[in-house]
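Look over the chain and the ligand below before reading on. The paragraphs after the picture start with the ligand and then follow a few residues in turn.

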Amino acid sequence: MIKVLFVCLGNICRSPLAEAIFKKKLETEGLSNKIHTDSAGTANYHVGENPDPRTIEIAEKHGVPVNHKGQQFKKHHQNEFDYLVAMDHSNYRNMTIELGSDPEKLLLMRDFDPAGKGQDVPDPWYGGMNGFEEVYQILDRSLDEFLSFIRKTHDL
Ligand code: 4NP
């Protein structure tokens, strides 16, 4: 089983949405039994909580089921997952601090975005639904390319 962890700050907006979209793609492609996915936040503000209602709303609008409870990113995740995918550069930095190194498993989500390589997935927390729709579109296309990368790397 290949294991992928998506990581943002609060684990109620971007990373649970990435997890949900990726899960749906895996189901569509018949890869759910080969690739496992989860999400976490570098902060502990929302541990145990459901995703933000706006995350659920935007996912439902696109026919993507969301089912997650907030958890904090910890060092042990490095051993449990093959890929740790940060939503922005600040998450990436905080993860290296937690891990105490710059591990090869650590990736940046938008390094897979054909329309914005290396940029941040913007934090939609303080904005309105437009921001959530933008995040959805960014994740949807970045995750297509990320899945191609996983398929190629693991011969799937
Ligand atoms: P996320 O968004 O990192 O995409 O889950 C945020 C959620 C909560 C907060 C910040 C960002 N917060 O400050 O509580």
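A polar contact is a pair of N or O atoms within 3.5 Å; within protein, one must be able to donate a hydrogen and the other to accept it. With that cut-off in hand, take Arg14: its side chain reaches the backbone oxygen of Val121 at 3.0 Å. The model is predicted, and every distance here is computed from it.

Arg14 has a relative accessibility of 3%, so it counts as buried, since buried means under 20%. Arg14 is also one of the residues around the ligand.

Now turn to the ligand itself.

A polar backbone atom of Gly10 is 2.8 Å from an oxygen atom of the ligand. For Cys13, a polar backbone atom is 2.9 Å from a ligand oxygen. For Ile12, the distance from a polar backbone atom to a ligand oxygen is 3.1 Å. How much of the ligand does the protein bury? Taken alone, the ligand exposes 360 Å², and the protein buries 92% of that.

Is Asn11 buried or exposed? Its relative accessibility is 0%, and therefore it counts as buried. Its backbone has a further feature: phi of Asn11 is near 60 degrees, a positive value in a residue other than glycine. Most residues other than glycine have a negative phi.

Asp155 also has a phi near 60 degrees, again positive in a residue other than glycine. Asp155 is found in the segment after helix 5 (129–154). With a relative accessible area of 74%, Asp155 is exposed, because exposed means over 50%.

Helix 5 itself contains Glu133. This residue counts as buried because its relative accessibility is 19%, and the cut-off for buried is under 20%. Glu133 and Glu57 are 76 residues apart along the chain, while their C-alpha atoms are separated by 9.9 Å.

Ile35 and Lys3 are 32 residues apart along the chain, and 5.8 Å separates their C-alpha atoms. Ile35 is in strand 2, which runs over residues 35–41. At 2% relative accessibility, Ile35 counts as buried.

Notes. Residues are numbered from 1 along each chain as its sequence is written. This is a predicted model: local features need pLDDT of at least 70, side-chain atom pairs count only at pLDDT 80 or more; totals for chains, interfaces and linings use all residues. Side-chain values use heavy atoms; hydrogens and water are left out. A residue is near a molecule or strand if one of its heavy atoms lies within 4 Å of it. Accessible areas come from the Shrake-Rupley method with a 1.4 Å probe; for residues, only the protein chains shown count as cover. Buried means under 20% relative accessible area, exposed over 50%, partly exposed in between (1.4 Å probe, protein chains only). Helices (H or I, at least four residues) and strands (E, at least two) are DSSP runs, numbered from the N terminus.
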